[in-house]
Amino acid sequence: MDYLAIIVVTFISGVIGTGLGGVIGAVLKRDSNKIVSLLLAFAAGIMLAVVCFDLMSEPIEMMKAEGSALPALTPLIVVAAVAAGYGVIYLLNFVIDKRTNREVKHIDENHPTTADNLDELIHSNHYETHKNSKSNLFVAGLVMMFAIALHNLPEGMVIGASYAISDDVVANLFSGSGFIMAIVIGLHNVPEGMAVSVPLISGGMGKLKAVGLTALSGLPTVIGALLGFAIGGISDIMLVLSLGFASGAMLYVVFGELLPESILMWRSKLPAFVLFLGVIAGFLLVMF
C-alpha cells in the first residue's frame, strides 16, 4: 500500500506536472521565457531549502535520538553520500554532453565548454541537427529525452527518501517533507515542461509528439521515488545513505540544471533574487 501511494503521488508530480507544462508550452502563443525563468528560480530555492534544512539535517536528529544505533561519524557519512549523489549525476550529464556536443556542427574547440544558451543545456540543438535525417532522428530524440529525464530520477529519490522517514506513509501522505517535495517538484515540473516542449516544437517536432515526449521525461520521478523509499526502508544507516545520496543529486539538479536554465532564459539579476525568496519560502515550509 505504501508503494502504491508513492507511485500515485510521484506520477502526478512527475509525469502529470511535466506533461501539463508541455501542453501549456505547446498552446501558448506569446514568449513566456521570463515567467518560466522566475518559476524555475523560485522552485530551485524551495528545493535548496528543503534539502539543506530538512533532508540533510534529519540523519543528525536521528543520531541524537535516544537509543539510536547510528555512529558518531554519521555527519561524515552524510557528507560522503551527498558528494556521491552529486558526483554520479554530474558524471552522467558529462557523458551525455560529450556524446551530443561533437554531433552539433557549431560546437568545436573554440566553443564555450559550458552551455551558453538554453537549447544547448536541454540538448534541443542536438535534435535540431538531426531532425531532417530520418535515420538519426529517433536516436536524437532518445538522447534528448534521456538528458531531460536524467534529473527527474534524483527528484523522485528525494520524495521517496523523505517518505521513508515516516513510520506510516499512507497516514502521512499529505504531510511532512515528502509531501512538500512532491508539491514543489510538481510545480517546478510545469515550467520545466514548458522549457522542454517549446524548443522541441520550434525545432519542427509535432505538438502532440512533443507533449508526449515531455510527459514521458517525468516518468523517472516515479522510479526514483520507489528506489529512494526502498533503500531508505532497509535500516537507519541505509536511510541516512539514501537521504544523503538523493540530497547530493538534488543539489546538482538545482545548481547544474535549474539555475542555469533560469539564467539562460532571462539574463538578469532577478532570478537570483527570486531564488532567495524561494529559499525563505522553503525554510518557512520546513519550520512550520
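The model is predicted: local features need pLDDT of at least 70, side-chain atom pairs count only at pLDDT 80 or more, and totals for chains, interfaces and linings use all residues. Residues are numbered from 1 along each chain as its sequence is written, and side-chain values use heavy atoms, with hydrogens and water left out.

## The overall fold

How many helices and strands does the protein chain have? There are 13 helices and zero strands. Read from the N terminus, the elements run α-α-α-α-α-α-α-α-α-α-α-α-α. Helices (H or I, at least four residues) and strands (E, at least two) are DSSP runs, numbered from the N terminus.

Next comes size. The C-alpha atoms fill a box of roughly 65 × 40 × 40 Å along the principal axes. The radius of gyration of the protein chain is 19 Å, which agrees with the value near 19 Å for a compact globule of 288 residues. The radius is taken over C-alpha atoms, and the globule rule is 2.2 Å times the number of residues to the power 0.38.

Of the 288 residues, 51% are buried. Buried means under 20% relative accessible area, exposed means over 50%, and partly exposed lies in between (1.4 Å probe, protein chains only). The accessible surface of the protein chain comes to about 13,500 Å². Carbon and sulfur atoms hold 69% of that surface. These areas come from the Shrake-Rupley method with a 1.4 Å probe; for residues, only the protein chains shown count as cover.

Contact means heavy atoms within 4.5 Å. Among contacts with a separation of 6 or more, 80% join residues 24 or more positions apart.

The protein chain carries 14 positive and 21 negative charges, and their mean positions are 16 Å apart. Lys and Arg count as positive, Asp and Glu as negative; His and the chain ends are not counted. The place of a charge is NZ of Lys, CZ of Arg, CG of Asp or CD of Glu.

## The nonpolar cores

In soluble globular proteins, nonpolar side chains tend to be buried together. A nonpolar core is a set of buried Ala, Val, Leu, Ile, Met, Phe, Trp, Tyr and Cys residues joined through side-chain atoms within 4.5 Å.

Which residues have the most contacts inside the largest nonpolar core? They are M47, Y163, M181 and M250, in a core of 45 residues. Several helices each supply at least two residues of this core, including α1 (2-27), α2 (33-55), α4 (74-101) and α9 (176-202). Helix α12 gives the most, with eleven residues. A second, separate core has eight residues, including Y127, M145, M205 and A210.

Now take M181. Leaving aside neighbours within four places in sequence, M181 is in contact with M47, V50, V158, I159 and S162.

The table gives the relative accessible area of each residue.

| Residue | Relative accessible area | Class |
|---|---|---|
| T74 | 0% | buried |
| S262 | 1% | buried |
| I89 | 5% | buried |
| A49 | 1% | buried |
| L277 | 37% | partly exposed |

The contacts below leave out residues up to four places away in sequence.

T74 is in helix α4. Its contacts are P59, M63 and V240. T74 and A195 are 121 residues apart in sequence, and their C-alpha atoms are 39 Å apart in space.

I89 also lies in helix α4. I89 is in contact with L150, P154, A249 and Y252. From I89 to P199 there are 110 residues in sequence and 24 Å in space, C-alpha to C-alpha.

S262 sits in helix α12. S262 touches S37, L40, A41 and P271.

A49 belongs to helix α2. A49 touches D54, V279, G282 and F283. How far apart are A49 and G278 in sequence and in space? They are 229 residues apart in sequence and 7.8 Å apart in space, C-alpha to C-alpha.

L277 is in helix α13 (residues 270-287). L277 and A41 are 236 residues apart in sequence, with 9.1 Å between their C-alpha atoms.
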